[in-house]
Amino acid sequence: MSRAAIIGGGVIGGGWAARFLLNGWDVAVHDPDPQAERKITEVLENARRALPALYDRALPPEGRLTFHADLAEAVAGADWVQESVPETLALKHRILPAIAAAAGDAIIGSSTSGFKPSELNAGGGRAIVAHPFNPVYLLPLVELVGDATTCTRAAQILRGIGMFPLTVRKEIDAHIADRLLEAVWREALWLVKDGIATTEEIDESIRMGFGIRWAQMGLFETYRIAGGEAGMKHFMAQFGPALAWPWTKLTDVPEFNDELVDLIASQSDAQSGHRSIRELERLRDDNIVGMIRALRRTGSGAGGVVRAHEAALPKPSEQDGLPVTAARQVPTSWTDYNGHMNETHYLEAASLATDRFMELIGAGPDYIAQGRSYFTVESHVRYLDEVRAGEILTITTQVLAGQGKRLHLFHRLWRGETLAATVETMLLHTDLTTRRSSLPDLAVAEALGVWASRHAGLPAEGAGRFVGAPLSSVPA
């Protein structure tokens, strides 16, 4: 079992703990704050709700979380140590050598948003910068700065927990992303101070416009499109002169005084003060999950990272002699006003299981790209028990028949050991060119025949039912 140690359990440290823990790592936390355990537990509740919702396959079993008063005890035996103490160089100079003395050959990462490795290690440490973004358990980016060999090792580990390591070519204050954020932040402060816009209006200008574009394409690719068919060169020629115009105050900083702080704080309270921080975090998480899942379909941006990570997760095998064709946590987006899984998503889950079974017989994406597939022509769902958000749904698939053009499947949807639903599905093999039914390729037919033979004679209670059955035959 891999083991991570988190030194400093604030917002960022708690996010790191959740990211490692929910990817199957044991996690040890050291933080002198007497409220650290409560805070991290609350972060974990949100993470358990959000991170698995990005995936259509279950994450590894959760690791073990422990809290330690002694730093050396927390660090002992760790494969990765993440320092996330407050952004004070003197404090990091005290903590990082102590970590290095107790951490063996573990990778030591610092969550610093601004300091360079040479500054961090001036006190005797050996840390690299491993700078994440909040919420760490959802956003994949980690900026790596420091020793090349260590950064290479770190990148491999980070990919294994679903993150996107970006190695910075040279040491520089605030790395890459925070330098961009700082430029936007400074300009936003001026807009508020000068009475041009409120905090809410500035946020609306981001979330209603370029924030959505940046989520899937970034800055330069977005501007390349803005240049039309002539591309980036045309865009630069058209808008480059604007760099000399007095559009921004990026080289000037507003005076940071009590008046500015009170102005910003009062506007922020008016904008968001009606919600607690935990409510805002859950709202943020739900929005991020929705956007990243949308990006999954094309493999763009963070969606591509999740898709690649999911492909590397262990594939489920068998249960009760039947292939497990899906195993995933139920996301909140699948639940309705009653708090349980909506009926449409039982069918969606079964559809995903059908797709997985088609892969097992060689009729997956490559086969479909060749112009052949199975089309669903009839389905029947039985709802047997409630399923709620956060519960693990496991689906087994039984072949009832698989001769000629027909593929007859019986999916069982399990909530733990409880049978929550069954979905009976009839499919016909189809030629995508003619859009007519056709015989499958010989290899697919033979593979299907093997599964049909294995499942012949197995019970399939509930198969063959239909909605129009007399009420007298339905149990009360």
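**Entry 1: Overall picture**

I counted 16 helices and 15 strands in the protein chain; helices (H or I, at least four residues) and strands (E, at least two) are DSSP runs, numbered from the N terminus. The model is predicted, so I note that local features need pLDDT of at least 70 and side-chain atom pairs count only at pLDDT 80 or more, while totals for chains, interfaces and linings use all residues. Residues are numbered from 1 along each chain as its sequence is written, and side-chain values use heavy atoms, with hydrogens and water left out.

I looked up the extent next: along the principal axes, the C-alpha atoms of the protein chain fill a box of roughly 75 × 60 × 45 Å. Of its 476 residues, 43% count as buried. Here buried means under 20% relative accessible area, exposed over 50%, and partly exposed in between (1.4 Å probe, protein chains only). Among contacts in the protein chain with a separation of 6 or more, 68% come from residues 24 or more positions apart; a contact means heavy atoms within 4.5 Å.

I recorded three domains: domain 1 (3–173), domain 2 (178–273) and domain 3 (315–455). These bounds come from an automatic or database domain assignment. I found the C-alpha centres of domain 2 and domain 3 to lie 47 Å apart.

**Entry 2: Nonpolar cores**

I then searched for nonpolar cores, meaning sets of buried Ala, Val, Leu, Ile, Met, Phe, Trp, Tyr and Cys residues joined through side-chain atoms within 4.5 Å. The largest has 42 residues, of which Trp16, Phe20, Leu54, Trp80, Leu138, Leu144 and Leu158 touch the most other members. A second, separate core has 19 residues, including Leu96, Ala103, Ile108 and Leu120. For Phe20 I listed the contacts Ala4, Ile6, Trp25, Val27, Trp80 and Ile161, leaving out residues up to four places away in sequence.

Which residues point each way from strand S5 (residues 107–110)? I found Ile107 and Gly109 on one side and Ile108 and Ser110 on the other, and all are buried. In a regular strand the side chains alternate between the two faces of the sheet.

I saw that strand S4 (residues 80–83) pairs with S5 in the parallel sense over four bridges; two strands pair if DSSP finds at least two bridges between them. In that pairing, Gln82 stands opposite Gly109. S5 also pairs with strand S6 (residues 128–131), again in the parallel sense, over two bridges, and there Gly109 stands opposite Ile128.

I noted a right-handed β-α-β unit made by S4, helix H4 (residues 89–102) and S5. A crossover is right-handed if, with the strands pointing away from the viewer, the path from the first strand over the helix to the second runs clockwise.

**Entry 3: Salt bridges**

I looked at Glu281 and Arg278, whose closest N and O atoms are 2.8 Å apart. Both residues lie in helix H12 (residues 277–296), three residues apart, about one turn of the helix. Glu281 is buried at 13% relative accessible area, whereas Arg278 is partly exposed at 24%.

In the salt bridge between Arg284 and Asp285, the closest N and O atoms are 2.9 Å apart. Arg284 is partly exposed at 23%, and Asp285 is buried at 1%.

For the salt bridge of Arg372 with Asp441, I read 2.6 Å between the closest N and O atoms. Arg372 lies in strand S11 (residues 372–383) and Asp441 in the loop between strand S15 (436–437) and helix H16 (442–455), so the pair ties together parts that are 69 residues apart in sequence. Arg372 counts as buried at 19%, and Asp441 as partly exposed at 27%.

I also recorded a network of salt bridges that links Asp56, Arg293, Arg296, Glu310 and Arg328.

**Entry 4: Two single residues**

I placed Thr425 in strand S14 (residues 418–431), where Thr425 is buried at 4% relative accessible area. Its contacts, among them Thr376, Glu378, Leu407 and His411, leave out residues up to four places away in sequence.

I found Ala226 in helix H9 (residues 220–226), partly exposed at 44% relative accessibility. Its C-alpha atom is separated by 9.9 Å from that of Met236, ten residues apart along the chain.

Conventions
Salt bridge = Lys/Arg side-chain N within 4 Å of Asp/Glu carboxyl O.
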